Amino acid sequence: MTGATYRQWDGGRKPTVLVSAALNRLGANATKTHPAAARRPRVGLECHMKIFVTGACGYKGSVLVPKLLAVGHQVVAFDDQWFGNYLTPAPGLTVIKGDVREADQIDLSGVDAIIHLASVANDPCGDLDPKLTWEISALATMRLADQAIRQGVGRFIYASSASVYGVKQEDQVTEDLKLEPLSEYNKTKMIAERVLLSYAKELVVQIVRPATVCGFSPRMRLDVSVNMLTMQALTSNRITVFGGDQVRPNIHIDDITDLYIYMLDHPEIVGIYNAGFENISIREIAERIVRIIPAEIVVTPSNDPRSYRLSSKKLLATGFSPKFTVEDGILDVIAAYRDGRLKDNESCYNIKAMKKLSVAA
Ligand SMILES: NC(=O)c1ccc[n+]([C@@H]2O[C@H](COP(=O)([O-])OP(=O)(O)OC[C@H]3O[C@@H](n4cnc5c(N)ncnc54)[C@H](O)[C@@H]3O)[C@@H](O)[C@H]2O)c1
């Protein structure tokens, strides 16, 4: 292995990708010592990798895993399956029911990259049992990164959240702004990020701070704004908007899952990236829904002050471009409901499902 500019994967159909920038950021001697560098020939657009996805049976994971398989990767889908398992068995897919809190017992042999989605995944769920939230979302992330390094995994893609910023007055929220997380959920994300960055000499760390996701997944979430309001319009012809003026960023599920794959294909893109492309108010989301399904909009007071416009310029400058919109998300939910793929049941609301499962204290 030399320290020279390195060209990945020579035998494929697509253009090769240079990863020297990533290696430079890892330090002058990185090519000699970095486990990621040692495994470089297996990383790239044309190279089929073994990807360990935590939280793989969740809302995002259930869309991401089939995409990873479709481009030829092997996938280990690791999840406690709190909300079930909607992954279809497929060649190249191994599903493991397990707890990331036991990360030091996880076998990562042969794994090229981890996509870490598992967490207690919203504010009310995080508040249900803060100790559990910290153990899963922060402590287990550290243990998993530690295990990754011990077992020679070179890559770690982390699903953080744009909610780490808290309430911001700035017109555009960029990655360099101070983090002022409000809830346990947001705080665990912030700390997990910091922990992962502390491993940046030993792992290629790619952190994504996504906006609120919308659109259909086989493991559906109806506790995220666009999906929730669309379902209200479908089932009761009435949308209840709390506050309504708070501006929040959104991202379509196909864009966020494409982005994780884009990150896999681009190990040179290290560090932290916002990912949200439509900053609109909750009231605007409701108005977009009622243009498609007529429904009454009822506005009630909210105690949630978070309102911010996310800037994803840094990500866009790398060449990634989103392909879907909030309208697409609304239309997906409507179509899935109408053709029977989607039912408005409790498992689609994380807080209801967690209370029922008694996973929290
Ligand atoms: N959906 C969004 O709008 C959104 C926005 C920003 C960030 N995120 C983050 O993206 C990630 C995925 O979100 P999602 O919407 O798919 O959430 P989700 O709740 O649908 O999925 C999370 C998955 O993690 C699993 N899990 C929880 N604790 C676990 C443990 N101890 N061990 C193993 N598996 C465990 C659950 O069973 C679940 O399948 C989360 O980290 C979330 O915080 C989501």
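Among contacts in the protein between residues at least 6 apart in sequence, what percentage join residues at least 24 apart? I looked this up and found 78%, where two residues are in contact if their C-beta atoms, placed from the backbone, lie within 7 Å.

**Entry: the model**

I am working from a predicted model, in which local features need pLDDT of at least 70 and side-chain atom pairs count only at pLDDT 80 or more, while totals for chains, interfaces and linings use all residues. I number residues from 1 along each chain as its sequence is written.

I find 13 helices and 12 strands in the protein, taking both as DSSP runs numbered from the N terminus, with helices being H or I of at least four residues and strands E of at least two. Of the 361 residues, 45% are buried; I call a residue buried if 20 or more other C-beta atoms lie within 10 Å of its own, exposed if 12 or fewer, and partly exposed in between, with C-beta atoms placed from the backbone.

**Entry: the sheet of 7 strands**

I traced an open sheet of 7 strands in the order β3-β2-β1-β4-β5-β6-β10, with parallel pairing; two strands pair if DSSP finds at least two bridges between them. At the edges I find β3 (93-97) and β10 (271-275), and because each has a single partner strand, one side of each is left without a neighbour in the sheet. Neighbouring strands here are turned by 15° against each other on average, direction ignored.

I then looked at β4 (residues 113-116) and β5 (residues 155-159), which pair in the parallel sense over 4 bridges, and noted that H116 stands opposite Y158 in β5. Helix α9 (residues 253-265) packs on this sheet, touching β4, β5, β6 (204-210) and β10, and its direction makes about 165° with that of β6; for such angles, axes are lines fitted to C-alpha atoms, for helices over the stretch in contact, and values run from 0 to 180 degrees between N-to-C directions. Helix α4 (residues 61-70) lies across β1 (50-54), β2 (74-79) and β3, running at about 160° to β2.

P210 is found in strand β6 and is buried, with 24 other C-beta atoms within 10 Å. Its C-alpha atom is separated by 5.1 Å from that of S161, 49 residues apart along the chain.

**Entry: the sheet of 3 strands**

I also traced an open sheet of 3 strands in the order β7-β9-β11, with mixed pairing, where the edge strands β7 (212-214) and β11 (278-281) each pair on one side only. Strand β7 pairs with β9 (residues 247-252) in the parallel sense over 3 bridges, and T212 has N250 as its bridge partner in β9. Helix α10 (residues 282-292) packs on this sheet, touching β9 and β11, and its direction makes about 90° with that of β11.

**Entry: the ligand**

Of the 29 residues around the ligand, I noted that G55, G58, Y59, W82 and S119 come nearest, a residue being near if its C-beta atom, placed from the backbone, lies within 6 Å.
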